[in-house]
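Q: Please take me through this structure one feature at a time, with the general idea before the case.

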Amino acid sequence: MKDFARANFVDIEEVIPTRPGIYGIYTLDNTPLKVGISVNLRRRLRQHKESKQKYLSLRPNGCWENPADVKSTRSILAKHLYFWAADGFNLKCETDRQRYLLDNCYILFKTTESREEAREIEKRLEATGGFQFVGRTTQ
(Lines give C-alpha, C1' and ligand atoms only; values in the text may rest on other atoms or scores of the structure.)
Protein backbone atom coordinates (compact mmCIF):
# COMPACT_ATOMS: atom_id res chain seq x y z
CA MET A 1 0.00 0.00 0.00
CA LYS A 2 2.32 2.55 -1.42
CA ASP A 3 2.12 6.11 -0.07
CA PHE A 4 -0.06 5.11 2.89
CA ALA A 5 0.75 6.38 6.39
CA ARG A 6 0.97 4.03 9.36
CA ALA A 7 -0.69 4.39 12.77
CA ASN A 8 -1.45 2.27 15.80
CA PHE A 9 -4.96 1.99 17.19
CA VAL A 10 -3.88 3.78 20.35
CA ASP A 11 -2.93 6.83 18.24
CA ILE A 12 -6.16 7.24 16.24
CA GLU A 13 -7.18 10.54 17.87
CA GLU A 14 -3.79 12.15 17.32
CA VAL A 15 -2.78 10.73 13.94
CA ILE A 16 -5.82 9.87 11.83
CA PRO A 17 -7.44 12.81 9.99
CA THR A 18 -11.18 13.49 9.80
CA ARG A 19 -11.05 13.46 6.01
CA PRO A 20 -12.28 10.93 3.44
CA GLY A 21 -9.96 8.08 2.71
CA ILE A 22 -9.06 4.43 2.69
CA TYR A 23 -7.53 2.26 5.38
CA GLY A 24 -6.16 -1.22 5.84
CA ILE A 25 -5.94 -3.04 9.15
CA TYR A 26 -3.05 -5.47 9.61
CA THR A 27 -1.68 -7.73 12.32
CA LEU A 28 1.84 -7.03 13.56
CA ASP A 29 3.04 -9.99 11.47
CA ASN A 30 1.63 -8.12 8.42
CA THR A 31 -1.46 -10.27 7.84
CA PRO A 32 -4.00 -8.05 6.03
CA LEU A 33 -7.29 -8.21 7.94
CA LYS A 34 -9.63 -5.55 6.56
CA VAL A 35 -9.65 -2.81 3.95
CA GLY A 36 -12.27 -0.10 4.13
CA ILE A 37 -13.24 3.44 3.26
CA SER A 38 -14.88 6.34 5.04
CA VAL A 39 -15.84 9.97 4.61
CA ASN A 40 -14.26 10.47 8.07
CA LEU A 41 -11.32 8.14 8.66
CA ARG A 42 -10.91 8.99 12.35
CA ARG A 43 -14.55 8.29 13.20
CA ARG A 44 -14.59 5.02 11.25
CA LEU A 45 -11.38 3.69 12.77
CA ARG A 46 -12.60 4.68 16.22
CA GLN A 47 -15.69 2.52 15.60
CA HIS A 48 -13.47 -0.44 14.72
CA LYS A 49 -11.28 0.19 17.78
CA GLU A 50 -14.34 0.23 20.08
CA SER A 51 -15.52 -3.13 18.66
CA LYS A 52 -18.75 -2.76 20.64
CA GLN A 53 -20.73 -5.89 21.47
CA LYS A 54 -23.99 -3.92 21.49
CA TYR A 55 -23.70 -3.41 17.72
CA LEU A 56 -23.63 -7.15 17.09
CA SER A 57 -27.08 -8.71 16.93
CA LEU A 58 -28.64 -12.03 16.14
CA ARG A 59 -30.98 -12.56 13.22
CA PRO A 60 -34.43 -13.92 14.20
CA ASN A 61 -34.16 -17.59 15.22
CA GLY A 62 -30.40 -17.37 14.74
CA CYS A 63 -27.53 -18.93 16.65
CA TRP A 64 -24.50 -17.02 17.97
CA GLU A 65 -22.24 -19.79 16.69
CA ASN A 66 -23.28 -19.30 13.05
CA PRO A 67 -21.62 -16.31 11.31
CA ALA A 68 -24.53 -16.00 8.87
CA ASP A 69 -26.88 -15.40 11.83
CA VAL A 70 -24.88 -12.55 13.39
CA LYS A 71 -25.25 -8.99 12.07
CA SER A 72 -23.13 -5.94 12.66
CA THR A 73 -24.64 -2.48 12.45
CA ARG A 74 -21.41 -0.58 12.99
CA SER A 75 -18.17 -2.52 12.52
CA ILE A 76 -18.00 -5.56 10.28
CA LEU A 77 -14.51 -6.04 11.73
CA ALA A 78 -16.08 -6.67 15.15
CA LYS A 79 -18.23 -9.41 13.63
CA HIS A 80 -15.32 -10.99 11.77
CA LEU A 81 -13.11 -10.91 14.87
CA TYR A 82 -15.95 -12.44 16.91
CA PHE A 83 -15.55 -15.61 14.81
CA TRP A 84 -11.76 -15.50 14.48
CA ALA A 85 -9.19 -17.24 16.68
CA ALA A 86 -6.20 -15.46 18.18
CA ASP A 87 -3.93 -17.04 20.78
CA GLY A 88 -4.46 -15.54 24.23
CA PHE A 89 -7.65 -13.69 23.28
CA ASN A 90 -11.35 -14.51 23.54
CA LEU A 91 -12.53 -12.44 20.60
CA LYS A 92 -16.17 -13.13 21.43
CA CYS A 93 -15.55 -10.67 24.29
CA GLU A 94 -15.57 -6.93 23.52
CA THR A 95 -12.65 -6.12 25.81
CA ASP A 96 -10.46 -8.83 24.27
CA ARG A 97 -11.29 -7.61 20.74
CA GLN A 98 -10.31 -4.10 21.79
CA ARG A 99 -7.11 -5.35 23.44
CA TYR A 100 -6.29 -7.45 20.37
CA LEU A 101 -6.54 -4.42 18.09
CA LEU A 102 -4.46 -2.26 20.44
CA ASP A 103 -1.76 -4.86 21.09
CA ASN A 104 -1.57 -6.80 17.82
CA CYS A 105 -2.68 -4.61 14.92
CA TYR A 106 -1.81 -1.46 13.02
CA ILE A 107 -3.47 0.72 10.41
CA LEU A 108 -2.29 1.92 7.02
CA PHE A 109 -4.32 4.87 5.74
CA LYS A 110 -4.47 7.41 2.96
CA THR A 111 -6.70 10.43 2.58
CA THR A 112 -8.51 10.93 -0.70
CA GLU A 113 -10.42 13.77 -2.29
CA SER A 114 -13.68 11.83 -2.12
CA ARG A 115 -15.36 8.64 -0.97
CA GLU A 116 -15.61 7.60 -4.63
CA GLU A 117 -11.84 7.83 -5.09
CA ALA A 118 -11.35 5.75 -1.94
CA ARG A 119 -13.88 3.19 -3.20
CA GLU A 120 -11.93 2.68 -6.44
CA ILE A 121 -8.74 1.99 -4.47
CA GLU A 122 -10.67 -0.33 -2.13
CA LYS A 123 -12.02 -2.34 -5.08
CA ARG A 124 -8.50 -2.86 -6.42
CA LEU A 125 -7.18 -3.93 -3.02
CA GLU A 126 -10.08 -6.32 -2.34
CA ALA A 127 -9.56 -7.86 -5.80
CA THR A 128 -6.11 -9.04 -4.70
CA GLY A 129 -7.81 -11.52 -2.35
CA GLY A 130 -5.24 -10.85 0.35
CA PHE A 131 -7.52 -9.50 3.07
CA GLN A 132 -8.93 -11.94 5.62
CA PHE A 133 -12.19 -10.07 6.08
CA VAL A 134 -14.36 -8.40 3.47
CA GLY A 135 -17.96 -7.34 3.61
CA ARG A 136 -20.40 -4.57 4.31
CA THR A 137 -21.16 -3.24 7.78
CA THR A 138 -24.70 -4.62 7.86
CA GLN A 139 -23.66 -8.23 7.31
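Q: Which atoms come together at the start of α2?
A: Helices are DSSP runs of H or I with at least four residues, strands are runs of E with at least two, and both are numbered from the N terminus. At the start of α2, the backbone nitrogen of R42 has a side-chain oxygen of N40 within 3.2 Å. The model is predicted: local features need pLDDT of at least 70, side-chain atom pairs count only at pLDDT 80 or more, and totals for chains, interfaces and linings use all residues. Residues are numbered from 1 along each chain as its sequence is written, and side-chain values use heavy atoms, with hydrogens and water left out.

Q: What follows just after α2?
A: S51 does, with a positive phi of about 45°.

Q: Which residues of α2 are buried?
A: Buried means under 20% relative accessible area, with exposed over 50% and partly exposed in between (1.4 Å probe, protein chains only). In helix α2, residues 41-50, these are L41, R44, L45, Q47 and H48. They line one face of the helix, because they fall within an arc of 150° seen down the axis of α2; the arc is that of the directions from the helix axis to the C-beta atoms. An α-helix has 3.6 residues a turn, so residues three or four places apart point the same way.

Q: What do the buried residues of α2 pack against?
A: Contact means heavy atoms within 4.5 Å. The partners are α1 (12-15), β2 (21-27), β3 (32-38), α3 (76-82), α4 (94-104) and β6 (105-111).

Q: Why does H48 count as buried?
A: Its relative accessibility is 1%, so H48 counts as buried. Neighbours within four places in sequence aside, H48 is in contact with F9, Y23, I25, S75, I76, L77 and L101. With S75, the side chain of H48 also makes a polar contact of 2.6 Å. Such a contact is a pair of N or O atoms within 3.5 Å; within protein, one must be able to donate a hydrogen and the other to accept it, and residues adjacent in sequence count only if both atoms are side-chain atoms.

Q: What is the order of the strands in the open sheet?
A: Strands of a sheet pair through backbone hydrogen bonds, either parallel or antiparallel. Two strands pair if DSSP finds at least two bridges between them. Here four strands have the order β1-β6-β2-β3, with antiparallel pairing. β1 (5-8) and β3 stand at the edges with a single partner strand each, so one side of each has no neighbour in the sheet. Four bridges join β1 to β6, and R6 stands opposite L108 in β6.
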